[in-house]
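Me: I'm new to this one and would like to go through it with you. Can you show me the structure before we start?

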Amino acid sequence: MLISNLLFLMLPVVIGGMMYVQLESIIYNNAVQASSAIVTQLRQYVDSRVKEVQQFSVLFSLNTEIHTILSSYSRNDPDTEYEAYQLMTEIGKYEPISSIIDSYTLSIKDTNTMITGRGKKDMAFYYENELAYQGISYEEWYETYIRTYSYQQFTPMLETRNGKKLITFTQSLPVTDIKNAKGNLHILLDQSKLLNNSELMQSLSDTSIYILDPQKRLLMSTGRNSLENYPLSDRSLPQGASSIEQVINGENMMVTYEESDQSGWTYVTTMPKESFMEPVNKVKRGALAAAGFYLLLGMVLAYYVARRNYNPLSTLLRMLRPQAPEGVSFSSNGNEWDTIKSSFEKMMDEELNLKHRLQKQFPLIQSSFAQRLIRGRVDKEEFKESSLDMLGEAYEGASYAILLIDINDCNDFIRDDSEQQWAFVRFITTNILHELLRSKGMCTLSAEMERDQIGCLVNHNYDDQEWKAHMLDALTVMSDTLANRFSIYITAALSDSMPDSSSIGTCYSQAQMTMEYRWLTNDKFLFFFSEIEKVEKSYVYSVETEGRIINLVKHAEEEQVSELLDHVYSTNFHVGTLSPELGKWLMYNLVSTLLRCLQGLNLQYRDVYGEEAPDTRLAEYATFPDMFNEIKRMYSGLCTYLKQDRDDPNHQMMNRLLEYLEEHVYDGMLGLESAAEHLDLSPKYVSRLFKQHTGDTLTNYIAKIRVDEAKMLLKETDLTILDISRKLGYSTDIGLIRIFKKHEGITPGKFRQQARSS
C-alpha cells in the first residue's frame, strides 16, 4: 500500500519535470533564433555603412585633380601654399555620404602635412591637438597610419583623450602606386554613430557587441570588458555554428556570431544567459522547491494514510500555504494538485510573454528586408515566393521599377518635428500611393528610406508607354491630393521599367540619379529617368570672366556685376544643361569669387554679411534659381557696402597713403614719419588710421611690400643681395635678410636658388 501510494505520488512529479525540461529547451531555442536574427540585422546595417565609406573613398580616389596636385606637391616648392589651397578646395567639394563619418583628412608624408577642407596643418600638431589617442604616441601613429601603403584598410578603434571612440579607414593615393604613394586619405568613423542605432540598441539592451576583422583582431566593441580582454580574443570560433555557450569572466554567456561575406568581418554578440533565462529559472526554483516539498510531504502523507487512512484535506492545505511559490494562490477548498497546476500555469504565462517579445522584432526584420529589396541588395536566389511571404504581396508582373518620393514640406500639417509626426506623414503618403497604383493594376512595396524619403517597388505587366501614362496619372492625383487636403508637398523620381528582378538595384540607382535633377527647377514635381537630357561635362566660367567680376566689384558697379552674373547663369542653365553636381560646383565657384573679392579689398566676411557663413546661406535653398538669386543678393550687398565706405573721407585718405607707400618703396627714409608728413597729419593719427583699415601696422606693411620687390629683383635680375638691400633703402644686407626670412621663412639667397632651379 505504501509503495503504490509513493509510485502514484511520483507520477506527476516526473511528468512535470519532463515538461519543464522540454519547455526550457523551447525557450532557449527561441532566444537563440532571435539573437541570430539580430546579429544578421547588425551585420547588414554595419556592412551597408561600411560600403558607404568605401564608396566615398572610391569617389575621392578617382579625382584626377587631386592626383595631379599630389604628384607635384613638394616641401621645397614655392607654390606649396597655392597647391595646398587647391587641395583644400578639392577636398571641400566632397560631402560625407554617410552619417557615421566623423571627419576626413588627406595626409602628405613628404611634407608632414595634413590637409582638410578647412585648412592645412602640421602633422604632429594635428595629431596632438585633434586626435591625441590614448596609449599611442605620435611616432607609433605615424608608423601605422602614414608611412605604410594602405588599401581600404580599417584599423582597430582607438579612444581620444576627450572620450571619442574612432575607427580609422585609410586609403593611399594614388591607389595604383604602391611603392610611391604621395598621400593617404584618412576617414574617421564614429563608433557611437555606427553601433548605437536606436532600433538595434533597443533589441540589444543586455548585449555586448564585438566586431573582429578578418584576422580576428578587435575593431570595435560596446562590451564592458577592456579592449585587451575582450571575449574570444584567444579562442577560435567553431565552424558551422552561429551560437555557442561559453563561460566568460566567470559568467555563463550565450555567444552569437556571423561572418560577413562582404567585408570578412566577424560580428559577435555576448548575452548573459541569465538575462533571458531568469524568468524560467525563477519558476524552476519555485517548482523544484514546491516539488521537493510536495514529494517529502507526499511520502509522509502516504505513510500517514497507510496508517490512519489519510488526514483531513484542510490540514494539508494549511501546511502548504506558507510554502507557496510567488503568484500561486490557495483557496480553502484547494489541494496539492491545484498548487502544482497553478505553478505550471505561471510558467506557461512566462513563456507566452517571452514569445510576445520575440514577435515584436518581426516588423523590424520585415522593414529591413523591404529596404534591402528596394535598394537591390537582395540576391536573386532570395527573391522567391517563400522569401516574399512576410511582405504579404504577390509579385506576378513581368516588369519592375523604383519610385522615390521626397517629402519637401509638411510644416503646415504636422504639429511638431517629432518622429511620430513624420511617421504619420509617411503613413498617409504611402497609403494614398498604394491605393492609386493598385487601382491601376500594379503591385507595390514601400519602405522608409530616410526620414523624409519613401522608396516604392512597382511591379506591373504594361508596356512602357502605357505604364508611364498610368504612373503620371496616379502621381498627379496623389500630388494634388496631398497638397490640397494635407498641405504635404512632394517630389517624385521614377526609374525606367526593367523586365527582371535582378535589375532592381539598377532601377534604384536611376531613381536616385533622377531625384538629383530637382535642383534644376522648382516648377516640376515628377521626374522620369528616360526624360533626363544629356548633360554637359563641364560648366562655362572662365578666368577672364571671374577677373571681370572681381574688377567690377572693386569699383562697386552693382548693375554691371548683376548683368555679368546673369550671363554666366544663362550660358550654363539656359543654353546648356548641367548635371546637379556641376550646378552645385558652379554656385560655390561664384561664392569663391566673392570671397576673393573680399580678400583683395582687405575686408572681413563678417563685417559685410554678419556671422552666417555663405554655405549656410545657400543650404537654405533647394533649387539652383533660388541659390543663384541669393548669390546675386550677396554681390549686391558687397557693392552697396563699398559705395557707402568710399564716401568716407578716411577711405580717401587711405588711398592716398597706399599710393604714397607704393611709389616710395625704394626710398630709404620711407616710414611712419615721412608718410604722416606727406599727408600733413600726425604720426599717431596715421598709425591708428592704417591699423583700423588694414588690421596691420604701417611698419609691417612697408616690410611686406619691400620683400615683394626683393623677390621680383631676385628672380629677374643678377643684382647681389647687398645691391638689392641698398636699392630698397637698407644700409646693409643684414636688415633685408632678417626681414625676408621673417616673412618668407628662407633667406634671399635660398629663394633665388629655388626660383632659378624651378
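Me: What classes of residue make up the lining of the second largest cavity?
Reply: In this predicted model, where local features need pLDDT of at least 70, side-chain atom pairs count only at pLDDT 80 or more and totals for chains, interfaces and linings use all residues, that lining has seven nonpolar, three polar and no charged residues. Ala, Val, Leu, Ile, Met, Phe, Trp, Tyr, Cys and Pro count as nonpolar, Asp, Glu, Lys and Arg as charged, and the others, Gly among them, as polar. Residues are numbered from 1 along each chain as its sequence is written, and side-chain values use heavy atoms, with hydrogens and water left out.

Me: Which residues line the second largest cavity?
Reply: The lining consists of T105, M114, Y126, L131, Y133, W141, Y145, T168, H186 and L188. The elements giving two or more residues to it are α4 (123-131), α5 (138-147) and β6 (183-190), where helices (H or I, at least four residues) and strands (E, at least two) are DSSP runs numbered from the N terminus.

Me: How much space lies in there?
Reply: About 60 Å³, with the volume taken as the space filled by probe spheres set on grid points that are joined across faces, edges and corners. A cavity here is a set of points, on a 1 Å grid over the protein atoms alone, where a 1.4 Å probe fits but cannot get out, and lining residues have an atom within 4 Å of a point.

Me: New topic: where is S497, and what does its side chain touch?
Reply: S497 lies in the loop between β15 (489-494) and α15 (504-515). Its side chain makes a polar contact with the side chain of H460 at 2.8 Å; such a contact is a pair of N or O atoms within 3.5 Å, where within protein one must be able to donate a hydrogen and the other to accept it, and residues adjacent in sequence count only if both atoms are side-chain atoms.

Me: And where is the cis peptide bond?
Reply: It joins L173 and P174, with omega about -10°, and P174 is found in the loop between β5 (165-173) and β6.

Key: On a 1 Å grid over the protein atoms alone, a cavity is a set of points where a 1.4 Å probe fits but cannot get out, and a pocket is an open set with protein on both sides within 12 Å along at least five of seven lines; lining residues have an atom within 4 Å of a point.
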